[in-house]
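Subject: Structure handover

Hello,

Please open it first, then read the notes below.

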Amino acid sequence: MTTVSPGTETGQAAPAAPAAPANLPLRKRPVDIFFIVMFSLFIVTCIISDAIPTLGIPQTATTTNILAQWNYTYSSQYDPLYMHEPLWLRFITGTSAFIYLPFYVLLVVCLVKGFNWIQLFAVIYATMIISLTAIPIFGVEFFGPVGERTPNPVVFLLYNGPYVLVPLLLLIRMRKPLPFTRRF
């Protein structure tokens, strides 16, 4: 007894589904190497700059915590908003320290291994960073009250610009399905 499936009444085998294109090796995806480097740095900076205010560690010139001292040095010169730590900013730094940080670790692994399923999560992350972090923080730093506005916009942008530009580039990188099957 033979079984006949739809489309094979003539005895021909059903056509195979087209195979998904293979991922490119990491060495052929230089943009992803750039992302691996940048998001690895973001892991470190999350620990240094975002965990400190979130955990309520005082950022003063006399603190014994070296990370808090580094934060104080930066914020006292370039980022008075960060030095004052308003509650809404602690929510943003908390999101960075405890949600974005684990995502960065996962993203780096996915970039190295070429796991395409990270695409949706990368798009969500990039959208959140741009809309929920960059807009309020940059808005206050450039247009907020005088005591919270950055005294040196160029240095502020040099420090903080990559945290918006890199996610924006990631969003562009993840614009089409199967991102690791193409160079960009």
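A pocket is found on a 1 Å grid over the protein atoms alone: it is an open set of points where a 1.4 Å probe fits, with protein on both sides within 12 Å along at least five of seven lines. Lining residues have an atom within 4 Å of a point. Grid points join across faces, edges and corners, and a volume is the space filled by probe spheres set on the points.

Two notes on the basis. This is a predicted model: local features need pLDDT of at least 70, side-chain atom pairs count only at pLDDT 80 or more, and totals for chains, interfaces and linings use all residues. Residues are numbered from 1 along each chain as its sequence is written, and side-chain values use heavy atoms, with hydrogens and water left out.

Confidence. pLDDT is the predictor's confidence in each residue, from 0 to 100. The protein chain averages 91, and 91% of the residues score at least 70. Among its elements, α3 has the lowest mean (90) and α7 the highest (97). Helices are DSSP runs (H or I, at least four residues), numbered from the N terminus.

The largest pocket holds about 760 Å³ of space. Its lining has 35 residues; Ser-49, Asp-50, Tyr-159, Asn-160 and Tyr-163 are the closest to the centre. Elements giving two or more residues to this lining are α1 (30-54), α2 (66-78), α3 (80-84), α4 (87-113), α5 (118-143), α6 (153-160) and α7 (162-173). The largest share, 8 residues, comes from α1.

Core. A nonpolar core is a set of buried Ala, Val, Leu, Ile, Met, Phe, Trp, Tyr and Cys residues joined through side-chain atoms within 4.5 Å. Buried means under 20% relative accessible area, exposed over 50%, partly exposed in between (1.4 Å probe, protein chains only). The largest core has 24 residues, and Phe-39, Tyr-104, Tyr-125 and Leu-170 have the most contacts inside it. α1, α4, α5 and α7 each give two or more residues to this core. Its largest share, 8 residues, is from α4.

Cysteines. There are 0 disulfides (pairs of cysteine sulfur atoms within 2.5 Å). For Cys-46, the nearest cysteine sulfur is that of Cys-110, 17 Å away. Cys-46 counts as buried because its relative accessibility is 3%. Cys-110 is buried too, at 0%.

Loop. Ile-57 sits between α1 and α2. Ile-57 counts as partly exposed because its relative accessibility is 23%. Ile-57 and Ala-68 are 11 residues apart in sequence and 7.0 Å apart in space, C-alpha to C-alpha.

Best wishes
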